[in-house]
Number of protein chains: 2
Amino acid sequence: MTYCVAIKLNAGLVFLSDSRTNAGLDQISSFRKMIVYEQTGDRFMVLLSAGNLSISQSVREILQIEQIGDGAESGEPITIWNAKSMFDAARVLGAAVRHVYERDGAALKRSGVDFNVSMLFGGQIKGEGMRLFQIYSAGNFVEATSETPYFQVGESKYGKPVLDRVLTPETPLNEAAKCALVSMDSTLKSNLSVGLPLDLVVYEVDRFATDKLICIDENNPYFRMLHDSWGQKLRQVFDSIEDPAWNGGSTQVPLMVSTGRNKPLRKITNHQDRLI
Amino acid sequence: MTYCVAIKLNAGLVFLSDSRTNAGLDQISSFRKMIVYEQTGDRFMVLLSAGNLSISQSVREILQIEQIGDGAESGEPITIWNAKSMFDAARVLGAAVRHVYERDGAALKRSGVDFNVSMLFGGQIKGEGMRLFQIYSAGNFVEATSETPYFQVGESKYGKPVLDRVLTPETPLNEAAKCALVSMDSTLKSNLSVGLPLDLVVYEVDRFATDKLICIDENNPYFRMLHDSWGQKLRQVFDSIEDPAWNGGSTQVPLMVSTGRNKPLRKITNHQDRLI
């Protein structure tokens with residue numbers, strides 16, 4: 001499995017991916033799932049991929065040469081390098097996904113393998129604002145809006161609660177990077193198929209380039225601090241909330257109780273303690 | 001969907017279930033997923049169920065009359081009410097699941113519906129210690145051990161990190177109840193198909209009865225306090241961890257970068273900031 005998260009804020013974009021790939025528990029390898037497309041001053045795009053590794057690697061390779069349109073109208077076919085909008089660049093990516101499907105889909109199906117790939121693609125092209133897309137196996141895609149400032153692909157559930165609690169479009173960039181790392185930390189803790197190292201990119205709006213790219217392994221001091229602090233402090237918070245206490249008051253609890261064979265299930269409502 | 005969690009501690013057992021059932025997003029209802037079987041002083045058992053509601057309701061109904069063995073050897077067929085061990089009671093439950101499969105399985109398959117039911121069954125019968133089982137659709141089951149003191153069924157991922165961080169066999173009962181409620185709170189926050197009210201039962205070892213049964217709705221003061229405190233304090237912890245800072249140092253980051261069409265993907269290793 002994989003866990004990737006991408007966040008779109010007013011201040012910029014955050015991308016984070018793990019690097020574990022597994023085909024069964026005894027075939028675990030490390031593959032990078034992030035790729036950066038950069039023409040300094042003109043466009044900055046990041047692609048994160050989850051799903052079947054052979055498909056996502058093929059998509060990435062084909063994306064380098066993929067084009068849409070025959071250029072008859074505009075004079076030039078559209079590629080990710082000359083697209084005038086991120087929407088068009090996402091269309092090129094969708095076309096690359098369909099290209100791989102046409103090439104491999106039937107053979108994969110014969111082998112009982114689903115055509116499964118899921119990608120996050122975000123960035124900014126000069127002339128418009130930042131945009132973030134999630135691309136599905138069919139090559140179709142959806143765009144993040146201010147109501148939903150993030151997308152996840154892969155093993156997304158463990159790390160979702162903290163994103164829901166923290167992120168809004170107004171969240172500062174470094175705080176969002178921290179939030180993505182906490183989300184990843186929870187996922188690492190609960191799922192063996194997600195693993196270090198991590199790739200993190202932070203992009204500031206209107207820069208069309210970034211210096212903030214990093215590969216985080218187990219020796220990274222910030223991630224170690226975050227991992228230890230989050231675990232410890234979460235435990236302190238947990239301890240600081242009082243335990244439930246029970247007193248002898250009764251509540252109207254229509255709980256299903258059975259007291260013997262062939263006796264009907266009945267609802268009891270009056271012999272419970274109250275939780276205070 | 002559903003979320004149920006059951007915890008086995010040295011001090012006793014904790015059971016918690018939500019009550020939302022949905023067949024599509026526009027068919028949401030409230031059904032209780034917990035049932036208590038109690039013969040005071042002799043046995044105390046709790047059943048939590050997830051999966052297809054028609055199946056789990058049938059299993060619960062049949063369990064009232066289900067028996068295994070013809071009584072030829074021991075003189076009496078085994079039911080959950082006379083079983084001498086929780087293991088035998090779990091076998092009766094497994095037989096009830098298979099009974100429903102024989103009755104409904106083929107017809108469900110014709111309609112394209114999986115025979116999908118997943119249950120947690122725990123308690124204590126006089127003469128042995130407490131035991132906790134997870135029962136699958138095939139009627140087979142596994143038992144919780146001290147290395148794995150809890151089981152979850154249904155929408156389990158959102159609420160798993162806090163269980164992994166807190167629970168050990170030594171955890172006190174009320175603390176484990178609090179942990180189950182925090183786990184449920186995270187699940188409620190992230191998944192619409194899990195909903196209030198909740199059923200909570202706390203059982204103390206060797207009592208063969210309990211007063212600690214409660215139905216928790218949105219007006220329950222403890223759960224409201226926990227919900228508010230956990231959200232607020234989690235946010236405080238999050239804020240108390242310093243944001244990542246970036247300096248101009250370089251790291252060896254083999255990140256995949258492309259800078260133009262038809263250019264090979266290349267690894268860059270030397271123009272990144274260091275995350276400190």
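In which sense, parallel or antiparallel, do strand E2 (residues 12–17) and E11 of chain A pair, and over how many bridges? The two strands pair in the antiparallel sense, over 6 bridges. Good morning, colleagues; I shall begin with the conventions.

This is a predicted model, in which local features need pLDDT of at least 70 and side-chain atom pairs count only at pLDDT 80 or more, while totals for chains, interfaces and linings use all residues. Residues are numbered from 1 along each chain as its sequence is written, chains are lettered from A and ligands numbered from 1 in the order in which they are written, and side-chain values use heavy atoms, with hydrogens and water left out.

Let us consider chain A. Its open sheet has 5 strands in the order E10-E1-E2-E11-E12, with antiparallel pairing. Helices (H or I, at least four residues) and strands (E, at least two) are DSSP runs numbered from the N terminus, and two strands pair if DSSP finds at least two bridges between them. Strand E10 (150–154) and E12 of chain A stand at the edges with a single partner strand each, so one side of each has no neighbour in the sheet. From one strand to the next, the twist averages 10 degrees. Axes here are lines fitted to C-alpha atoms, for helices over the stretch in contact, and angles run from 0 to 180 degrees between N-to-C directions.

Returning to the opening pair, Leu13(A) stands opposite Tyr203(A) in E11(A). H4(A) packs on the sheet and touches strand E1 (3–8), E2, E11 and E12 of chain A; contact means heavy atoms within 4.5 Å. The direction of H4(A) makes about 20 degrees with that of E2(A).

Two loops of chain A deserve attention. In general, most residues other than glycine have a negative phi, and most peptide bonds are trans. The peptide bond from Leu196(A) to Pro197(A) is cis, with omega near -5 degrees, and Pro197(A) is found in the loop between helix H4 (173–190) and strand E11 (198–204). Asp206(A), in the loop between E11 and strand E12 (213–216) of chain A, has a positive phi, near 65 degrees.

We come now to chain B. Here, too, there is an open sheet of 5 strands, ordered E10-E1-E2-E11-E12 with antiparallel pairing. Its edge strands are E10 (150–154) and E12 (213–216) of chain B. Strand E11 (residues 198–204) of chain B is joined to E12(B) by 4 bridges, and Leu200(B) stands opposite Ile214(B).

How many residues of chain B are in contact with chain A? There are 84 residues of chain B in contact with 84 residues of chain A. The two chains bury about 7,800 Å² between them, 62% of it on carbon and sulfur atoms; buried area is the accessible area (1.4 Å probe) that two parts lose on being put together, summed over both.

Between the chains, the count is 8 salt bridges, a salt bridge being a side-chain nitrogen of Lys or Arg within 4 Å of a carboxyl oxygen of Asp or Glu. Glu175(A) forms a salt bridge with Arg235(B), with the closest N and O atoms 2.7 Å apart. On the side of chain B that touches chain A, helix H5 (residues 221–240) of chain B contributes the largest share, 13 residues. Thank you for your attention.
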